[in-house]
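Have the sequence and the 3D view ready, and let's take a walk through this protein together. We'll stop at a few spots and look around at each one.

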Amino acid sequence: MGAHSEAAEADDSGAGRAARRDEAVRAAVEQGLLGPDSPIVGLLDVTGIRESAARLRAAFAAVVAPGTPVLHAFAVKATPLVPVLRLLREEGVGAEVASPGELALARAAGMPVEMTVLDSPAKTPAELREALSLGIAVNADNPQELDRIDALMRSRTSRSPLGIRVNPQVGGGSIEALSTATATSKFGVALRDEGAREWVVQAYLDRPWLTRLHAHTGSQGIPLALMARGVAETYALAEEINRRAGRRQVDTLDIGGGLPVNFASEATVPTYAQYARLLAEEVPGLLDGRYGLVTEFGRSLLAKHGTVVARVEYAKASGGRAVAVTHAGVQVAARTVYAPGSWPLRIAAYDAKGRPKEGPDVVQDVAGPACFAGDLLAEGRSMPLLEQGDYAAALDTGAYYFAHHYGYNSLVRPGVYGFGPGGRFAVVRRAQTVEEVVAESGGAQVDALTRARWEVP
Ligand SMILES: *Cc1c(COP(=O)(O)O)cnc(C)c1O
C-alpha cells in the first residue's frame, strides 16, 4: 500500500470527528442556530466528508493497476443535498442517481455527465431518452428495459456507457429490506434463474454497445465477504462474456456500494481500505488494469458526518421511566422509529449551553415530537439525564436520516448546516417554513373539493 493511503487510514477511531462535533454543537447554541425557536438542526462535518472521500480514493488507488480508470459515484439517495454533491464533486466523487429528481440534483451541483450513473428499477422511456442524449451511463435493470434502450439506440448514437445490472443471488444480510442479492430480489437480472445467464451473455453478443456490467449486492447489514462474493460473481460473468465475444467488450465493472457503517461506536469500521484489500485478495483479476471500475458508495461516505441535534422541550416521567420529549423523531429518523431493532442510533446528551452533559447514567427514553406512542429515537437508554432545555444529538445521521424527511404531523424539514473549522457554519438547506408546508399541502387549491368542477387538469 502506498504512503498516501496509509496516511489516510491513520485514524479510524473517530476521536477527531467527535471533538469537531462537540465544538459544532456548542457553536450552534452560542450562535442561535439552535435554541427555543429553532429546536432542531442537521449538522454536517465538512472536514469529515472530505476525509472520507480521500480515504475512498486512496483505498482503491492502492489496489488497482496504475492507470486504471476508477469512478466513485456517490449514491445520491443517501444524502440528496446539492451542496453535498458539489463538495463531493470537488473531492473527485461523481453521482449515482436513481430518479429524475436525483439526476436534477446532480446536474444542479454541476456534476459532469461522465461522472454520473443512472440505475433505477423503474426508468420511464423519457428518463432513458434524456440519459442517453446527455451521455450519462445507464445500467439496464431487466430485459424490458433493454428493449427500450434498443429502440433508442436504433434511432440515435449515444455517448452513454451502457450495461446491464445483474443480481448474483449470493444471499442476503441481516436487514432483509436492504438485501438486494437474495434469490427473489426485485433488482437486476437474477443470474441463477434458469436461462438467465445465457440470456445475459447473448444480450452482450448481440449488442456491441453494451460495455459495462453492474451489481450492487446490498446495503447496511451485508458482510464484507458476501459483498466480495457478489463482485467475484459479476467479474466471472464479465470474463465469460469477453471470452465468448473474443474481445474485451465489457471494459468496466460497476461494483455498487453497500459498505456497512458502524452505528455502535465512533470508530470507522469496516474501512474502504479493508474492503479494497479484500477485493484484491478475492478478485485480483478485477484490479489488474483490464477493467475500469465504478463504485457507488452512499452511507459509508456520509453517515458518520451528520448529526441531528434537537432541543429537549419537556422532561417528564411516565410509569417510573424518564422521558425526554425532543424535536427529533420520526420526521428525521423514520427507519429508527419504525424499525428500532435494525436501526439503533447513538444519542449524545448536551446541556443547555451545548456542552457534553456529565452526570450519572439514567435509563431513559428519548422521544420525538410526533403524535404516536412509538415515536422514540431511543428506548431505555442509559445516559446522563436529559433535562428541559438540554439537547439530544442523534449521531451518525448524515445518510438516510435528516436528508430523508418524512412529513408526519406536517413537521417542517429542519435546516441543515455544514460546519468547518473554528465553529463556522454554512447553510446547506434552509429550514422549511410553515407557509411552505401549507403551499405544498394544496394551500392554493383550498376550494378544490368544495367547489369542484371536476375538470381534467
Ligand atoms: C442504495 C444503492 C447504493 C448505495 O448503497 P449504500 O449502502 O448507501 O452504499 C448503490 N448502488 C445502488 C444501485 C443502490 O441502490
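Let's start with T252: is this residue buried or exposed? Its relative accessibility comes out at 10%, and since the cut-off for buried is under 20%, T252 counts as buried. Keep in mind as you look that this is a predicted model. T252 sits in strand β9, which covers residues 252–254. So who's around it? Skip the neighbours within four places in sequence, and T252 is in contact with T211, R212, L213, Y291, G292, L293 and V294. There's also a link to D251: the side chains of T252 and D251 are joined by a polar contact of 2.9 Å.

Now jump to C371, which tells another story. C371 has a relative accessible area of 63%, and because anything over 50% is called exposed, C371 is exposed. You'll find C371 in the loop between β14 (361–367) and β15 (376–384). If you leave out residues up to four places away in sequence, C371 touches Y408 and N409. An unreviewed UniProt entry puts the annotation "active site" on C371.

Next up is the ligand. How many residues surround the ligand? There are 15, and the closest are K77, S219, G258, E296 and Y400. Zoom in on a few of these. A polar side-chain atom of S219 lies 2.7 Å from an oxygen atom of the ligand. Over at Y400, an N or O atom of the side chain is 2.6 Å from a ligand oxygen. Taken alone, the ligand exposes 390 Å², and the protein buries 94% of that.

Last stop: helix α5, residues 100–108. Here E102, L103 and A106 are buried. Why do these three end up on the same side of α5? They cover an arc of only 100 degrees around the axis, so they share one side of the helix. There's a handy rule behind this kind of pattern: an α-helix has 3.6 residues a turn, so residues three or four places apart point the same way. And what lies over those buried residues of α5? The cover includes α4 (82–90), β3 (94–97), β4 (116–118) and α6 (125–134). Finally, follow the chain past the helix: α5 is followed by G110, which has a positive phi, near 80 degrees.

How values were computed
Residues are numbered from 1 along each chain as its sequence is written. This is a predicted model: local features need pLDDT of at least 70, side-chain atom pairs count only at pLDDT 80 or more; totals for chains, interfaces and linings use all residues. Side-chain values use heavy atoms; hydrogens and water are left out. Helices (H or I, at least four residues) and strands (E, at least two) are DSSP runs, numbered from the N terminus. Buried means under 20% relative accessible area, exposed over 50%, partly exposed in between (1.4 Å probe, protein chains only). A polar contact is a pair of N or O atoms within 3.5 Å; within protein, one must be able to donate a hydrogen and the other to accept it, and residues adjacent in sequence count only if both atoms are side-chain atoms. Contact means heavy atoms within 4.5 Å. UniProt positions are given in the numbering used here, feature names are shortened, and annotations may be inferred rather than shown by experiment. A residue is near a molecule or strand if one of its heavy atoms lies within 4 Å of it. Accessible areas come from the Shrake-Rupley method with a 1.4 Å probe; for residues, only the protein chains shown count as cover. The arc is that of the directions from the helix axis to the C-beta atoms.
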